[in-house]
Amino acid sequence: MKKLCALALSLAMVFTLGACGNSASTNEGTDGTAENGNTAETTAKSDIKMGFICLHDENSTYDLNFINAAKEACDEMGVEYVIKTNIPEGQECYDAACELADSGCDIVFADSFGHEDYVIEAAKEYPDVQFAHATGTKAHTENISNFHNAFATIFEGRYLAGIAAGYKLNEMIANGTITEDQAKIGYVGAFTYAEVISGYTSFFLGARSVCPSATMEVTFTGSWYDETAEKEGANTLINDGCVLISQHADSMGAPTACETAGVPNVSYNGSTESACPNTFIVSSRIDWAPYFKYLIESVTNGTEIAADWTGTLATGSVVLTDLGTAAADGTQDAIDAAKAELEAGTLHVFDTTTFTVGGEQLTSYMADVDTDAAYEGDHEAIVDGYFNESGDGLRSAPFFNVQIDGITLLDTKF
């Protein structure tokens, strides 16, 4: 018997939509009816129902990316869906997962790292419901048949975006705007997690592949979504001489700071060109629609769902936006060439010949793949001369946490 949740998340915004994408309600009551008196159920082409748990709402570029993918996948597959937003990384997540399971969802997906333990708890309570989680690290060690992790090789997308940044730096050098030794990038990160380290390092390596004099400074906000802190972080970097800014944080804080200051910007999770037309270069993002379709097809057909699923450039899971008007000439051709090499396996983002650690080339590294309390390394990550990030099915979430030369961390308390 399914366990009824004790707590109604009345403060969380909830969207219940059908295959046509029309809204049936905006605030769903715990009895399965909308607060405005209309029923929360809508007609769909499939018997499958999917529930989504988001840390924030559409104001977060990160969550908006998931919401758009959820709508796209479910509308295409004819699946009814419910989206719960503003669900904290706490007991509220467990309660939300239970509510979705009790409402008849066959699949429940949560989008934030800190949701994982609560989704696992719910998965144990509801063995007949499939639970999936983005950016998580525990599916391959928990061995719960109805709990799954997913991510994508976004480090490849960030590398390609880094090439765009490097071309912009070269343009600024050629124009006399900066000198070669002033090609300093600023990066606003949320936390000092492997996911963020992997992201800013791959971005830097992409930039340096075309602009060898590039260096980078990184500051951290201690939050995935804090517009004020992200704007302040970007301004700090700009005031410290950074001539181009990128980010791994979820608001418009950094892009708007760049637009105000006239500093080129590479954003994340979608184009910011409409708000920042003079400074936007490009943005990389994970397209989650392929994974959501995979989940729906697997449940529909009764086939096994991978404990760890990793989307790639080839699956359409790693994408870049169109270039902004601030991009330098020749950027698209360079991106296209590098993308072809990445897909062919002739280029590796973390090729150990392209960076050093403490002045030395990295020849061996025990990565913390099976995360434990001590964060001890447990798998050799250097394979055939490159750091095999998210490779060989070890874990979908990033585990690259190497501090390479050329990158300076301004604040590591988070």
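**Surface, cavities and main pocket of the predicted model**

The chain exposes about 16300 Å², of which carbon and sulfur atoms supply 47%. These areas come from the Shrake-Rupley method with a 1.4 Å probe, and for residues only the protein chains shown count as cover. The model is predicted: local features need pLDDT of at least 70, side-chain atom pairs count only at pLDDT 80 or more, and totals for chains, interfaces and linings use all residues. Residues are numbered from 1 along each chain as its sequence is written, and side-chain values use heavy atoms, with hydrogens and water left out.

The chain has 414 residues, and 55% of them count as buried (under 20% relative accessible area, 1.4 Å probe, protein chains only). It holds 10 helices and 19 strands. Both are DSSP runs numbered from the N terminus: helices are H or I with at least four residues, strands E with at least two. Among contacts (heavy atoms within 4.5 Å) with a separation of 6 or more, 67% join residues 24 or more positions apart.

Rolling a probe the size of a water molecule over the atoms shows where empty space is left. A cavity is a set of points, on a 1 Å grid over the protein atoms alone, where a 1.4 Å probe fits but cannot get out; lining residues have an atom within 4 Å of a point. Grid points are joined across faces, edges and corners, and a volume is the space filled by probe spheres set on the points. The whole structure contains 5 cavities of 30 Å³ or more.

Helix α1 (residues 61-77) gives the largest share, 3 residues. The lining divides into 6 nonpolar, 4 polar and 1 charged.

The largest pocket holds about 540 Å³. A pocket is an open set with protein on both sides within 12 Å along at least five of seven lines. Of its 23 lining residues, Phe113, Thr137, Tyr193, Thr371 and Tyr375 are the closest to the centre. α6 gives the most, with 3. The lining has 10 nonpolar, 6 polar and 7 charged residues.

Notes
Buried means under 20% relative accessible area, exposed over 50%, partly exposed in between (1.4 Å probe, protein chains only). Ala, Val, Leu, Ile, Met, Phe, Trp, Tyr, Cys and Pro count as nonpolar, Asp, Glu, Lys and Arg as charged, and the others, Gly among them, as polar.
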